[in-house]
Amino acid sequence: MRNFLAFVRRFRVLLFFALLQGIALSLYFSFSQFPRIQYLTTASTVTGGIMEVRNDVTKHFYLSKNNTALQKENIALRKTIPSSFIKLNNGLVKINDTLHLQQYEYIPGIIINSTHDKRNNYFTLNIGSQQGVERGMGVFSAKGVVGVIHNVTEHYAVIKSCLTENINIDIMIEKTGLFGLLKWNGKDARRGTMWGVSNDTEVKKWSKVVTRGGGGIFPRGINVGKVEKTDVVEGKPLWDVTIRYSEDYRSLQRVYVVKNLLKIEQEKLEELIPIEDEQ
Amino acid sequence: MNQAVKNILRFVALMAFQVLVLNQIEIGFGIQLMVYPLFIFLLPVEMGILMLLLLAFSLGIVIDAMSNTYGLHASSLLAFAYFRPLIFKLTAPRDGYDPLMETNLHTMGYNWFIKTFGALLIIHHFWFFLLEIFKLNELIFVLQKTGLSVILSFLLCLLLQYLFLNKAVKK
């Protein structure tokens, strides 16, 4: 016992260093998988509040750009409302049918904090569980897909963005229907990669890439970007498809959170898939 | 001003500067500016290493909480604090440190500051980027990030000391 105490006293600096280092590193390596410790992120009330004040100042830097984007979206929507159509046939009667059921609802939010040059980048939103946000919901903007909700508190939420290594959103090439998973190489905020496209297929340059709508996180057909180039993956029969994102995440502010009203139904159905089929 | 009050103010100021200003600046080439190690560096020489580690951990974890890095800053700042006494011993002047004097640029001179702070800052940045990327086959990229960021962070720390620290009266 005395020897042990002597040992502790002799190496107390190193032991204390190792203890604190252990705490810090276990926080760092466990967080991306299990977001347990909410008060250590910008989703907590104190730091979230500070970020909101800061955002009140910096949001004006990108104001004109964001307004233009919103205006463009408005024009696109305005084209579809009844007042912009001419009636061709007055004899038609509109009947309220049961063929269409609403599947998705959208919750508007503003990004109040974000990083872009780290290996894994998280964005903070100013809406939380009180507005109906839940973990695992998809997030997109007027120009393209943004990420998936990672962590929610009462008034704030943290998004795992398209600028994290394993974002794994289901995407496909719009024309041909080839699908794969979205990944990020950790360096360039304008480009991502599409993983899982077999190299016996033809991938055309500048063809549009959209979400596939698998898993019920995103509706089908939300813009992701365009194919910039395809490279060969060594040792695997796959293309390494580089995508140029349609959204510039460095000046992004206004986003929508996707609420899938039929998600429980889809999950229940997919639970019935026998497990032994998977490897 | 009282030593403790001065250091608390410095803690808050450097933290706010790092989180609210520097974390938002993107230069490209993987450069990231970090000046908060200056707080640990300017603490009194005779301060115990356990206290140093504790302060480093708390400053790091506060910065982590505000930049969504979950322990990355805390870990690298701990390394900075752990190596501080060792490097200080290596670069000590011939007749030792004056325990009453603060070890900044003005009191110790350029030569000493570049050697000591430079070495510690390289350890801190290298540790940070190594953990952040955590892939050995991208070691070149880690070194590129470390090299470029250290130079700019160091210059920024020099500038901060010029602006905010009083020049010592020469005896």
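User: How much area do chain A and chain B bury between them?
Analyst: Chain A and chain B bury about 3,200 Å², with 66% of it on carbon and sulfur atoms. Buried area here is the accessible area (1.4 Å probe) that two parts lose on being put together, summed over both. Keep in mind that this is a predicted model: local features need pLDDT of at least 70 and side-chain atom pairs pLDDT 80 or more, while totals for chains, interfaces and linings use all residues. Side-chain values use heavy atoms, without hydrogens and water.

User: How many residues does each chain bring to the contact?
Analyst: Chain A gives 34 residues and chain B gives 35, where contact means heavy atoms within 4.5 Å.

User: And how many salt bridges go across?
Analyst: The rule finds 3 between chain A and chain B, a salt bridge being a Lys or Arg side-chain nitrogen within 4 Å of a carboxyl oxygen of Asp or Glu. One of them pairs Arg119(A) with Glu138(B), whose closest N and O atoms are 3.1 Å apart.

User: Which element gives the largest share of chain A's side?
Analyst: That's H2(A), with 14 residues.

User: Switching topic: how much of chain A is buried?
Analyst: Of its 279 residues, 39% are buried, as in under 20% relative accessible area (1.4 Å probe, protein chains only).

User: What about helices and strands?
Analyst: Chain A has 5 helices and 12 strands, taken as DSSP runs (H or I, at least four residues, for helices; E, at least two, for strands).

Conventions. Residues numbered from 1 in each chain as written. Chains lettered and ligands numbered in written order. Buried < 20%, exposed > 50% of the residue type's maximum accessible area, 1.4 Å probe, protein only.
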